[in-house]
Amino acid sequence: MSPLSQSPPGIVQDAIEVAVVNGYRHIDCAHLYENEEAIGEGLHRVLKKGLVKREDLFIVSKLWNGSHEPHRVEAACRKSMKDLQQDYLDLYLMHSPMGSKFVEGELMPQKDGQMLVTDVDYVDTWKAMENLVDKGLVKSIGVANFNSCQLERLYAAARIKPDLFQAERHVYQIQCKLIALAKSKGMVFEGYSPLCSIQSPFLDHKLAPKNGMEDPVVKDIAKKHGKSPAQIMIRFNIQSGISTIPKSQTPAHIIENTKVFDFCLTDEEMKKLESLHYGARAVPWDLMGLGKHKHYPFNKNE
Ligand SMILES: NC(=O)c1ccc[n+]([C@@H]2O[C@H](COP(=O)([O-])OP(=O)(O)OC[C@H]3O[C@@H](n4cnc5c(N)ncnc54)[C@H](OP(=O)(O)O)[C@@H]3O)[C@@H](O)[C@H]2O)c1
(Lines give C-alpha, C1' and ligand atoms only; values in the text may rest on other atoms or scores of the structure.)
Protein backbone atom coordinates (compact mmCIF):
# COMPACT_ATOMS: atom_id res chain seq x y z
CA MET A 1 0.00 0.00 0.00
CA SER A 2 1.31 3.49 -0.77
CA PRO A 3 1.12 6.19 1.94
CA LEU A 4 -1.67 7.77 -0.08
CA SER A 5 -3.81 4.62 -0.44
CA GLN A 6 -7.42 4.61 0.68
CA SER A 7 -9.83 1.88 1.89
CA PRO A 8 -8.20 -1.58 1.85
CA PRO A 9 -9.49 -3.89 -0.90
CA GLY A 10 -10.97 -6.51 1.48
CA ILE A 11 -13.69 -4.30 2.92
CA VAL A 12 -14.36 -1.98 0.05
CA GLN A 13 -16.99 -4.16 -1.69
CA ASP A 14 -19.25 -4.09 1.36
CA ALA A 15 -18.71 -0.35 1.78
CA ILE A 16 -19.81 0.23 -1.84
CA GLU A 17 -23.03 -1.69 -1.25
CA VAL A 18 -23.84 0.15 2.01
CA ALA A 19 -23.09 3.46 0.28
CA VAL A 20 -25.24 2.77 -2.77
CA VAL A 21 -28.16 1.50 -0.69
CA ASN A 22 -27.94 4.71 1.35
CA GLY A 23 -28.03 7.01 -1.65
CA TYR A 24 -24.39 7.63 -2.59
CA ARG A 25 -23.87 7.87 -6.34
CA HIS A 26 -20.45 9.52 -6.73
CA ILE A 27 -17.56 7.05 -6.33
CA ASP A 28 -14.16 8.78 -6.21
CA CYS A 29 -11.39 6.34 -7.15
CA ALA A 30 -7.77 6.53 -8.25
CA HIS A 31 -5.10 4.16 -9.52
CA LEU A 32 -2.99 5.43 -6.59
CA TYR A 33 -5.43 4.06 -4.01
CA GLU A 34 -4.60 0.47 -5.02
CA ASN A 35 -8.16 -0.73 -4.60
CA GLU A 36 -9.78 -0.18 -8.01
CA GLU A 37 -10.09 -3.94 -8.68
CA ALA A 38 -11.97 -4.40 -5.40
CA ILE A 39 -14.15 -1.38 -6.14
CA GLY A 40 -14.85 -2.89 -9.57
CA GLU A 41 -16.07 -6.06 -7.83
CA GLY A 42 -18.26 -3.95 -5.54
CA LEU A 43 -19.70 -2.00 -8.49
CA HIS A 44 -20.33 -5.21 -10.40
CA ARG A 45 -22.19 -6.58 -7.38
CA VAL A 46 -24.51 -3.57 -6.86
CA LEU A 47 -25.27 -3.33 -10.58
CA LYS A 48 -25.95 -7.08 -10.84
CA LYS A 49 -28.27 -6.93 -7.83
CA GLY A 50 -30.11 -4.03 -9.50
CA LEU A 51 -29.49 -1.73 -6.52
CA VAL A 52 -28.65 1.11 -8.90
CA LYS A 53 -28.46 1.74 -12.65
CA ARG A 54 -25.06 2.47 -14.21
CA GLU A 55 -26.33 5.75 -15.66
CA ASP A 56 -27.21 6.94 -12.15
CA LEU A 57 -23.67 6.37 -10.86
CA PHE A 58 -20.87 8.92 -11.28
CA ILE A 59 -17.63 6.95 -11.42
CA VAL A 60 -14.36 8.84 -11.18
CA SER A 61 -10.75 7.78 -11.50
CA LYS A 62 -7.44 9.61 -11.61
CA LEU A 63 -4.34 9.50 -13.77
CA TRP A 64 -1.34 8.89 -11.50
CA ASN A 65 1.91 10.87 -11.79
CA GLY A 66 3.81 7.95 -13.35
CA SER A 67 1.64 8.07 -16.50
CA HIS A 68 1.97 11.77 -17.36
CA GLU A 69 3.89 11.15 -20.57
CA PRO A 70 1.23 11.63 -23.25
CA HIS A 71 1.75 8.19 -24.81
CA ARG A 72 0.95 6.53 -21.45
CA VAL A 73 -2.31 8.34 -20.70
CA GLU A 74 -4.75 6.15 -22.63
CA ALA A 75 -3.26 2.90 -21.29
CA ALA A 76 -3.51 4.24 -17.73
CA CYS A 77 -7.15 5.19 -18.24
CA ARG A 78 -7.97 1.82 -19.80
CA LYS A 79 -6.30 0.04 -16.85
CA SER A 80 -8.55 1.92 -14.37
CA MET A 81 -11.61 1.21 -16.56
CA LYS A 82 -10.73 -2.50 -16.65
CA ASP A 83 -10.11 -2.68 -12.90
CA LEU A 84 -13.35 -0.82 -12.19
CA GLN A 85 -15.18 -3.07 -14.71
CA GLN A 86 -16.47 -0.05 -16.62
CA ASP A 87 -16.70 0.64 -20.34
CA TYR A 88 -16.60 4.38 -19.64
CA LEU A 89 -15.78 6.72 -16.75
CA ASP A 90 -17.89 9.74 -15.87
CA LEU A 91 -14.83 11.78 -14.93
CA TYR A 92 -11.08 11.30 -15.21
CA LEU A 93 -8.83 13.62 -13.21
CA MET A 94 -5.13 14.37 -13.46
CA HIS A 95 -4.19 13.49 -9.86
CA SER A 96 -1.51 16.17 -9.61
CA PRO A 97 0.55 18.39 -11.91
CA MET A 98 3.75 16.50 -11.03
CA GLY A 99 5.05 13.76 -13.31
CA SER A 100 7.09 10.88 -11.92
CA LYS A 101 9.09 8.14 -13.65
CA PHE A 102 7.04 5.25 -15.01
CA VAL A 103 8.16 1.97 -13.47
CA GLU A 104 5.85 -1.00 -14.07
CA GLY A 105 4.14 -2.04 -10.83
CA GLU A 106 5.59 0.83 -8.75
CA LEU A 107 3.56 3.85 -7.78
CA MET A 108 6.35 5.77 -6.13
CA PRO A 109 9.67 4.75 -7.66
CA GLN A 110 12.50 6.20 -5.65
CA LYS A 111 16.26 6.22 -5.19
CA ASP A 112 17.88 7.02 -1.86
CA GLY A 113 14.53 8.05 -0.44
CA GLN A 114 13.87 10.54 -3.24
CA MET A 115 11.01 10.11 -5.71
CA LEU A 116 12.17 9.66 -9.32
CA VAL A 117 10.42 12.49 -11.12
CA THR A 118 9.99 13.82 -14.66
CA ASP A 119 9.37 17.35 -15.84
CA VAL A 120 6.61 16.42 -18.33
CA ASP A 121 4.45 19.50 -18.87
CA TYR A 122 0.98 18.92 -17.44
CA VAL A 123 -0.45 20.76 -20.47
CA ASP A 124 0.90 17.99 -22.71
CA THR A 125 -0.63 15.40 -20.38
CA TRP A 126 -3.93 17.30 -20.57
CA LYS A 127 -3.94 17.19 -24.37
CA ALA A 128 -3.71 13.39 -24.17
CA MET A 129 -6.61 13.42 -21.69
CA GLU A 130 -8.68 15.43 -24.18
CA ASN A 131 -8.27 12.52 -26.60
CA LEU A 132 -9.96 10.24 -24.05
CA VAL A 133 -13.08 12.38 -24.31
CA ASP A 134 -12.88 12.32 -28.12
CA LYS A 135 -12.70 8.52 -28.02
CA GLY A 136 -15.67 8.24 -25.65
CA LEU A 137 -13.65 6.55 -22.89
CA VAL A 138 -14.51 9.30 -20.41
CA LYS A 139 -17.41 11.74 -20.31
CA SER A 140 -15.49 14.58 -18.69
CA ILE A 141 -12.00 15.50 -17.50
CA GLY A 142 -10.55 17.63 -14.76
CA VAL A 143 -7.57 18.15 -12.49
CA ALA A 144 -6.66 17.94 -8.81
CA ASN A 145 -4.04 19.57 -6.62
CA PHE A 146 -3.09 22.38 -9.00
CA ASN A 147 -2.34 25.87 -7.70
CA SER A 148 -4.08 28.91 -9.16
CA CYS A 149 -1.28 29.76 -11.66
CA GLN A 150 -1.23 26.18 -12.94
CA LEU A 151 -5.01 26.10 -13.21
CA GLU A 152 -5.09 29.39 -15.17
CA ARG A 153 -2.34 28.17 -17.51
CA LEU A 154 -4.05 24.85 -18.13
CA TYR A 155 -7.40 26.51 -18.72
CA ALA A 156 -5.93 28.91 -21.28
CA ALA A 157 -4.23 26.07 -23.19
CA ALA A 158 -7.10 23.57 -23.04
CA ARG A 159 -9.22 22.67 -26.07
CA ILE A 160 -11.62 20.83 -23.76
CA LYS A 161 -11.85 22.86 -20.55
CA PRO A 162 -11.64 21.09 -17.17
CA ASP A 163 -15.13 20.36 -15.83
CA LEU A 164 -14.07 19.84 -12.24
CA PHE A 165 -11.24 20.88 -9.98
CA GLN A 166 -10.53 18.76 -6.89
CA ALA A 167 -8.52 20.06 -3.95
CA GLU A 168 -8.23 19.56 -0.21
CA ARG A 169 -10.88 21.63 1.55
CA HIS A 170 -11.94 21.77 5.17
CA VAL A 171 -12.05 24.26 8.03
CA TYR A 172 -8.23 24.47 8.24
CA GLN A 173 -7.79 24.94 4.47
CA ILE A 174 -10.66 27.04 3.20
CA GLN A 175 -9.30 27.64 -0.31
CA CYS A 176 -11.06 30.98 -0.96
CA LYS A 177 -8.93 31.84 -3.98
CA LEU A 178 -9.16 28.44 -5.67
CA ILE A 179 -12.90 28.13 -5.12
CA ALA A 180 -13.46 31.59 -6.63
CA LEU A 181 -11.14 30.80 -9.55
CA ALA A 182 -12.77 27.45 -10.33
CA LYS A 183 -16.23 28.97 -10.20
CA SER A 184 -15.20 31.92 -12.42
CA LYS A 185 -14.11 29.37 -15.06
CA GLY A 186 -17.32 27.35 -14.79
CA MET A 187 -15.66 24.37 -13.08
CA VAL A 188 -17.17 22.45 -10.20
CA PHE A 189 -14.95 22.80 -7.13
CA GLU A 190 -14.79 19.54 -5.21
CA GLY A 191 -13.30 19.45 -1.72
CA TYR A 192 -11.51 16.30 -0.58
CA SER A 193 -10.55 15.32 2.99
CA PRO A 194 -13.53 17.30 4.36
CA LEU A 195 -12.99 15.85 7.85
CA CYS A 196 -9.26 16.68 7.94
CA SER A 197 -8.44 13.31 9.43
CA ILE A 198 -4.72 13.17 10.12
CA GLN A 199 -2.52 11.26 7.66
CA SER A 200 0.55 13.46 7.39
CA PRO A 201 3.81 12.17 8.80
CA PHE A 202 5.03 15.78 9.17
CA LEU A 203 3.45 16.36 12.54
CA ASP A 204 6.13 18.74 13.76
CA HIS A 205 5.52 21.17 10.89
CA LYS A 206 3.76 24.40 11.78
CA LEU A 207 1.11 23.64 9.16
CA ALA A 208 0.63 20.05 10.36
CA PRO A 209 -3.02 19.07 10.35
CA LYS A 210 -5.14 18.66 13.44
CA ASN A 211 -8.07 16.26 13.43
CA GLY A 212 -10.98 18.52 12.52
CA MET A 213 -13.48 16.28 14.27
CA GLU A 214 -11.72 17.00 17.57
CA ASP A 215 -11.69 20.77 17.20
CA PRO A 216 -13.53 22.42 20.16
CA VAL A 217 -15.26 24.93 17.85
CA VAL A 218 -16.53 22.14 15.59
CA LYS A 219 -17.59 20.06 18.59
CA ASP A 220 -19.42 23.01 20.15
CA ILE A 221 -21.40 23.71 16.95
CA ALA A 222 -22.13 19.97 16.62
CA LYS A 223 -23.56 19.88 20.13
CA LYS A 224 -25.86 22.85 19.41
CA HIS A 225 -27.31 21.12 16.34
CA GLY A 226 -27.46 17.62 17.85
CA LYS A 227 -25.12 16.45 15.07
CA SER A 228 -21.67 14.82 15.00
CA PRO A 229 -18.50 16.83 14.30
CA ALA A 230 -18.17 14.92 11.01
CA GLN A 231 -21.65 16.06 9.95
CA ILE A 232 -20.74 19.68 10.78
CA MET A 233 -17.59 19.51 8.66
CA ILE A 234 -19.41 17.94 5.71
CA ARG A 235 -22.20 20.51 6.01
CA PHE A 236 -19.56 23.28 6.12
CA ASN A 237 -18.34 22.26 2.67
CA ILE A 238 -21.81 21.79 1.21
CA GLN A 239 -23.01 25.12 2.55
CA SER A 240 -19.96 26.80 1.01
CA GLY A 241 -21.46 25.90 -2.35
CA ILE A 242 -19.00 23.16 -3.27
CA SER A 243 -19.13 19.44 -3.85
CA THR A 244 -17.44 17.24 -1.25
CA ILE A 245 -16.36 13.60 -0.92
CA PRO A 246 -16.07 12.24 2.63
CA LYS A 247 -14.53 8.77 2.77
CA SER A 248 -15.71 6.00 5.04
CA GLN A 249 -15.48 2.23 5.15
CA THR A 250 -17.53 2.02 8.37
CA PRO A 251 -21.24 1.43 7.73
CA ALA A 252 -22.43 3.63 10.64
CA HIS A 253 -20.27 6.52 9.38
CA ILE A 254 -21.36 6.02 5.77
CA ILE A 255 -24.97 6.43 6.87
CA GLU A 256 -24.26 9.26 9.34
CA ASN A 257 -22.48 11.25 6.63
CA THR A 258 -25.65 11.36 4.49
CA LYS A 259 -27.65 13.08 7.21
CA VAL A 260 -26.45 16.57 6.47
CA PHE A 261 -29.40 18.01 4.57
CA ASP A 262 -31.85 18.47 7.46
CA PHE A 263 -30.14 21.42 9.16
CA CYS A 264 -28.38 24.70 8.32
CA LEU A 265 -25.34 26.35 9.85
CA THR A 266 -25.96 30.01 10.67
CA ASP A 267 -23.87 32.74 9.02
CA GLU A 268 -22.13 33.24 12.34
CA GLU A 269 -21.28 29.53 12.58
CA MET A 270 -19.97 29.50 9.00
CA LYS A 271 -17.72 32.49 9.85
CA LYS A 272 -16.49 30.79 13.03
CA LEU A 273 -15.61 27.66 11.06
CA GLU A 274 -13.88 29.70 8.33
CA SER A 275 -11.83 31.49 10.97
CA LEU A 276 -10.21 28.14 11.95
CA HIS A 277 -8.19 28.25 8.69
CA TYR A 278 -4.41 28.13 9.18
CA GLY A 279 -3.32 26.48 5.94
CA ALA A 280 -2.98 22.88 7.19
CA ARG A 281 -3.04 20.02 4.74
CA ALA A 282 -4.08 16.51 5.74
CA VAL A 283 -2.54 14.91 2.66
CA PRO A 284 1.28 14.68 2.69
CA TRP A 285 2.19 15.69 -0.85
CA ASP A 286 5.63 16.87 0.24
CA LEU A 287 6.87 13.26 0.24
CA MET A 288 10.27 11.94 -0.75
CA GLY A 289 11.57 15.20 -2.16
CA LEU A 290 8.38 15.89 -4.14
CA GLY A 291 8.35 19.37 -2.59
CA LYS A 292 11.27 20.23 -4.90
CA HIS A 293 9.44 19.07 -8.06
CA LYS A 294 9.37 21.64 -10.87
CA HIS A 295 5.55 21.54 -10.80
CA TYR A 296 5.07 21.18 -7.00
CA PRO A 297 1.86 23.15 -6.48
CA PHE A 298 1.91 24.09 -2.82
CA ASN A 299 4.90 26.42 -2.42
CA LYS A 300 2.61 29.39 -2.56
CA ASN A 301 -0.34 28.78 -0.28
CA GLU A 302 -2.93 29.12 -2.97
N1 LIG B 1 -7.27 14.18 -5.24
C2 LIG B 1 -6.55 13.89 -4.17
O3 LIG B 1 -5.33 14.10 -4.17
C4 LIG B 1 -7.20 13.30 -2.96
C5 LIG B 1 -6.46 13.22 -1.77
C6 LIG B 1 -7.08 12.68 -0.65
C7 LIG B 1 -8.37 12.24 -0.70
N8 LIG B 1 -9.07 12.31 -1.89
C9 LIG B 1 -10.45 11.80 -1.98
O10 LIG B 1 -11.22 12.33 -0.92
C11 LIG B 1 -11.79 11.29 -0.14
C12 LIG B 1 -11.85 11.71 1.31
O13 LIG B 1 -10.60 12.12 1.78
P14 LIG B 1 -9.84 11.47 3.06
O15 LIG B 1 -10.09 10.04 3.10
O16 LIG B 1 -8.45 11.98 2.97
O17 LIG B 1 -10.47 12.19 4.31
P18 LIG B 1 -11.87 12.38 5.04
O19 LIG B 1 -13.02 11.92 4.22
O20 LIG B 1 -11.83 13.79 5.49
O21 LIG B 1 -11.70 11.44 6.31
C22 LIG B 1 -11.78 10.05 6.26
C23 LIG B 1 -11.55 9.52 7.68
O24 LIG B 1 -12.60 9.97 8.54
C25 LIG B 1 -13.25 8.84 9.12
N26 LIG B 1 -14.69 9.13 9.16
C27 LIG B 1 -15.54 9.22 8.11
N28 LIG B 1 -16.77 9.53 8.53
C29 LIG B 1 -16.72 9.62 9.88
C30 LIG B 1 -17.68 9.89 10.87
N31 LIG B 1 -18.94 10.14 10.56
N32 LIG B 1 -17.27 9.91 12.17
C33 LIG B 1 -15.98 9.66 12.49
N34 LIG B 1 -15.01 9.41 11.60
C35 LIG B 1 -15.38 9.37 10.29
C36 LIG B 1 -12.93 7.67 8.24
O37 LIG B 1 -12.92 6.47 8.99
P38 LIG B 1 -13.93 5.27 8.59
O39 LIG B 1 -13.56 4.83 7.21
O40 LIG B 1 -13.70 4.26 9.64
O41 LIG B 1 -15.30 5.87 8.66
C42 LIG B 1 -11.53 8.03 7.74
O43 LIG B 1 -10.56 7.66 8.71
C44 LIG B 1 -10.89 10.07 -0.41
O45 LIG B 1 -11.55 8.86 -0.24
C46 LIG B 1 -10.50 10.29 -1.86
O47 LIG B 1 -11.50 9.78 -2.68
C48 LIG B 1 -8.51 12.86 -3.00
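What follows is a chat about salt bridges and one histidine in a predicted model.

Student: Anything to know before we start?
Tutor: Residues are numbered from 1 along each chain as its sequence is written. In this predicted model, local features need pLDDT of at least 70, side-chain atom pairs count only at pLDDT 80 or more, totals for chains, interfaces and linings use all residues, and side-chain values use heavy atoms, leaving out hydrogens and water.

Student: OK, how many salt bridges are there?
Tutor: The count is 15, where a salt bridge means a side-chain nitrogen of Lys or Arg within 4 Å of a carboxyl oxygen of Asp or Glu.

Student: Which residue does Arg 54 pair with?
Tutor: Asp 90, with the closest N and O atoms 2.9 Å apart. Arg 54 is in the loop between helix 2 and strand 2 (58-63), and Asp 90 in the loop between helix 3 (70-83) and strand 3 (91-94), so the pair ties together parts 36 residues apart in sequence. Helices (H or I, at least four residues) and strands (E, at least two) are DSSP runs, numbered from the N terminus.

Student: Are those two buried or exposed?
Tutor: Both Arg 54 and Asp 90 are buried. Buried is under 20% relative accessible area, exposed over 50%, and partly exposed in between (1.4 Å probe, protein chains only).

Student: New topic: where's His 31?
Tutor: In the loop between strand 1 (26-28) and helix 2 (36-48). His 31 counts as partly exposed because its relative accessibility is 31%.

Student: And what does His 31 touch?
Tutor: Not counting residues up to four places away in sequence, its contacts (heavy atoms within 4.5 Å) include Glu 36, Trp 64 and Leu 107.
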